[in-house]
Amino acid sequence: MPNNCHHCDEFSRAALLRKSAAEAGRGLPAIEPGMPVPAGTGLDRRSFVSGVFGLALSVYGLGKLNLFDEGIAHAATRPSQPVLVSVFLPGGADSLSVLAPVLDPNYRKLRPTLALPADAGPAFAEDTRLHWHPSLQPLATLHGEGKVSVMPAIGYTHPDQSHFTSRHFWEVGATEARLTTGWMGRYLDRHGSKSNPLQGLSLDYQLQPSLASLKVPVASLAAPDDYNFWAPGVWGQVENRMLQALAPLGSHRADPGLNQAAKATKQSDRLRRQLLPFSNSGDNNYGSPVQYPKVDSGFPRQLAGLAAMLAAKLPLRCVAVTAPGEYDTHSDQPQALADGLDVTARTLLAFQRDLEARGLADRVLTLVWTEFGRRGEENGSDGTDHGAAGAAFLIGSRARGKMVGEFPGLTSGLDRDGNLRPTSDFRGVYSALLEQWLGADARGVIPGAKSFARPALVK
Amino acid sequence: MPPVYHGPFRKEQAERLLWRAGYGPRPGEAERLAKLGLHGAVHSLTRPGRDRLKGPRPHDDRGRPLAPRDRWGHDQLWWLDRMVRTTKPLHERMTLVWHDWFATSRDGVDSTRLMLRQNQLFRRNGLGSFLVLLLEVTKDPAMLLWLSGVENEKDAPNENYARELMELFTLGADRGAYTERDVREQARALTGWRNSWGETLGPYKFRYDKRRHDAGSKRIFGKRGHFDWRDSCRLCVHHRQHPSFFVNKLWGYFIPVPPKTGTRRSLQRIYVRSGYKVEPVVEAILLHPALYTGPRMVKPPAVYLAGLLRGLGRGVDTEAWTWLLSLAGQQLFYPPNVAGWDDTRWLDTATFRARWEIAAYAIRPRVLKDNAKHVPHDPHKLLHRAEAVFGHPTLTGQTEATLTRFARRAMADANADWKKRSYPPLVENALRQLLATAPDLQTC
């Protein structure tokens, strides 16, 4: 993590606690008093391999595992539904670099060393004061095509500057510390199925709290290419030959016991072949028609796999994933921020192009968010401290492509702590997504939904 | 007396015996056992010496000793280690049989301490009197929690244990052995157990409390009396339909096709005349021709894994086995329900892949590097070396031919100098993996 400040021990502890949230029953490490427990903590977790699609899932929530296969198969036969993907930038990304107010008179005063030069990145067409971070060229491209709605200052009143608490608010869809279900989890509880854990998919080794449900199962899956037959010290041509030997090993045997094992071998081999589109070996990239960034990050692989799963008609509805990069930039901000945004934005562009090439672009909207923005004024160590309103993006062919809320400026737009004031509320955005995209009533999912203005998000 | 196997007793038969009545042979063990002849071999299992755990001591991924009571998953590793290192494999196998027969899940008991205590009970009483075992299980804390024994009291009878006692443990459903009235009356007889609850200890101090017992007269299986929990167990074991249930069920753990009527009757006689002892029945099953001449059985995942480790001479040294066993469909201490695991459905596309992964993890520490020297090019020699890694298990001709053909084709691909150097170790690694997951090693 590119910071050496003490008050951010909290951030790593939060990460630790989140990790353990998925390991129900193993006991949680102690947290400070007053901090909320992550949604989904203590949910029963069980491993399950879907025979239908050969995915090794960790399933959270009630239900009999052997029913899920039927549920997934059944759900997969129904008409395709809209999909919402949540991409989280962990640590509080600096919105004043993401969309740098290079023409705001106060920008250089507040950021004497960190301010980006006026010509560093492409101009933001909807507000000429703002320029995209140079690493966000891919998003600028998509914005130019009308496929990105920008929320330049999104947040909530009475901002909380704890990573942990603020992220919790965003994930549960309310500024309530004690809510234990995620906002997408509650949507699935109302509109989901009791037998399809893929409806809420955490692309991770653990459950993303925004998907924590109470009544329906949800799942986590690190990558869809889990149905592989890897052997230690075997690769290349020899590996191919080895896999070819599965078929003859699975051929009929006279002995009923041997034949039972042979049949399982044969069926597994057949499934392996069917799932080759999900294979990520070499340049295959899950059979994607576009090239994802080749970088040392799981993110391109996760989104390439997600596109492949959608192409294979897996019944997904809400998906949550964490973006690469560490955005808690108390020091050495320029490099850390550029690195994280670069991989994230290039991958999001590849994902959009992939969906377009596969004819799926009208079914998917992606919300990119972070728990808060950062302080207007830089600190003394090439970094910035925790702030309030931050930036978020809604990406997709069906995104309306118009700015939501305005950039409030760095004079009257800062609160008395020197943090950006919000011009849109995340709960309004959630309510709008529920109503305009997922076709659900926001009341009953977002507490106090009727008090939040709904921006027009979908075209 | 039931028939006794009279065919040749060689390595192949000894291997089958060691897999069915234990966790497979250590290298050379099948050959040694074959020299004892059938009776000598069976007696060495049913009447072994003291248990000495043999082989490397277990530890977790960080090299720390196991903490079965305290660390998640270590209870399973602890048991797996016993399966791997035991010198009384039949007794350890019977522990698994009883865990399935009296299937109790930690999911419902919620106490590792009590699950381990029950596990020791099975190990201690595994081959003795079934009545004693049943009495011990009936008052076992984990079972009292699992099937609501402690909730069954005079004023509010709970039929949970009474029903399973007859349906799953002693008599069997739909055989006309008992009526719904018997269930209710048995529940009354079984009242009286209770426990205390402590903030840190959880459930403790399991005890019989006369005040909670329904001392009234009951009518069970047509007999009338002031029956209590001991009578309840005795009535079941002495029921005329119990011996056939017992023999059939026990037989099923060792032999995949049901016994012929004559055999079943002989085994019942052995059981009743011995005073309901388990060991003489097991011994007669292990001597029976059906074990050696009948079809093969799919190894339960825990047996498959423990046997691989025994064959490799490897101890329990990673926590990976807990999730791998669970993926393979047999998370120890977590049977799917009170009826235990379904022994006819161990293998499907998911569990096969889990077994593939178990094999990969098992052989990984001994993987040959692609620059390993002195690896032969000859397909037969390569296969022989791969077999040696597992202690030369007997293979079917079909598997041997498939593996040899694979090795020959893979070596034929070596058309460049670097391939000629690196392919032999790669091919041997692949042969080990294929061998470990071939139908021959999935079954016994």
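Trainee: How confident is the predictor in chain A, and where is its pLDDT below 50?

Mentor: Chain A averages a pLDDT of 87, and 86% of the residues score at least 70. Over residues 9-14 of chain A the value is below 50, although that stretch has ten contacts in the model beyond near neighbours in sequence. Residues 16-32 of chain A are also below 50, with 27 such contacts. Where pLDDT is low, the predicted coordinates should not be read in detail.

Trainee: Why is A440(A) called partly exposed?

Mentor: A440(A) has 18 other C-beta atoms within 10 Å. A residue needs 20 or more to be buried and 12 or fewer to be exposed, so a value in between counts as partly exposed. A440(A) sits in the segment after α13 (426-437) of chain A.

Trainee: What does A440(A) touch, leaving out residues up to four places away in sequence?

Mentor: Its contacts are Y187(A), R190(A), H191(A), L434(A), E435(A) and V445(A). H191(A) is 249 residues from A440(A) along the chain, yet their C-alpha atoms are separated by 7.9 Å.

Trainee: What makes strand β3 of chain A mostly covered?

Mentor: Seven of the seven residues in β3 (83-89) of chain A are buried. V83(A), V85(A), V87(A) and L89(A) point one way, while L84(A), S86(A) and F88(A) point the other way, and all are buried.

Trainee: How do you know that β3(A) pairs with β10(A) and β9(A)?

Mentor: Pairing takes at least two bridges between strands. β3(A) has seven bridges to β10 (364-370) of chain A, in the parallel sense, and five to β9 (318-322) of chain A, also parallel. As examples, V87(A) has V368(A) as its bridge partner in β10(A), and L84(A) stands opposite C318(A) in β9(A).

Trainee: And in chain B, what makes β1(B) and β2(B) a hairpin?

Mentor: Five bridges join β1 (193-198) to β2 (202-208) of chain B, and the two strands run antiparallel. Three residues lie between them. Within this pair, R194(B) stands opposite R207(B).

Trainee: Why is α22(B) called largely enclosed?

Mentor: Of its 21 residues, 16 are buried, so the rest of the structure largely encloses α22(B).

Trainee: How much of chain B is buried overall?

Mentor: Of its 444 residues, 51% count as buried. Chain B has 23 helices and four strands.

Trainee: Finally, which elements make up the side of chain A that touches chain B?

Mentor: 34 residues of chain A are in contact with 40 residues of chain B. β1 (45-49), α8 (236-244), α9 (246-249) and α10 (256-274) of chain A each supply at least two residues of that side. α10(A) gives the most, with eleven residues. By class, that side has 19 nonpolar, eleven polar and four charged residues.

Technical notes. Residues numbered from 1 in each chain as written. Chains lettered and ligands numbered in written order. Predicted model: local features only at pLDDT ≥ 70, side-chain atom pairs only at ≥ 80, totals over all residues. Contact = placed C-beta atoms within 7 Å. Nonpolar A, V, L, I, M, F, W, Y, C, P; charged D, E, K, R; others polar. pLDDT = per-residue confidence, 0-100.
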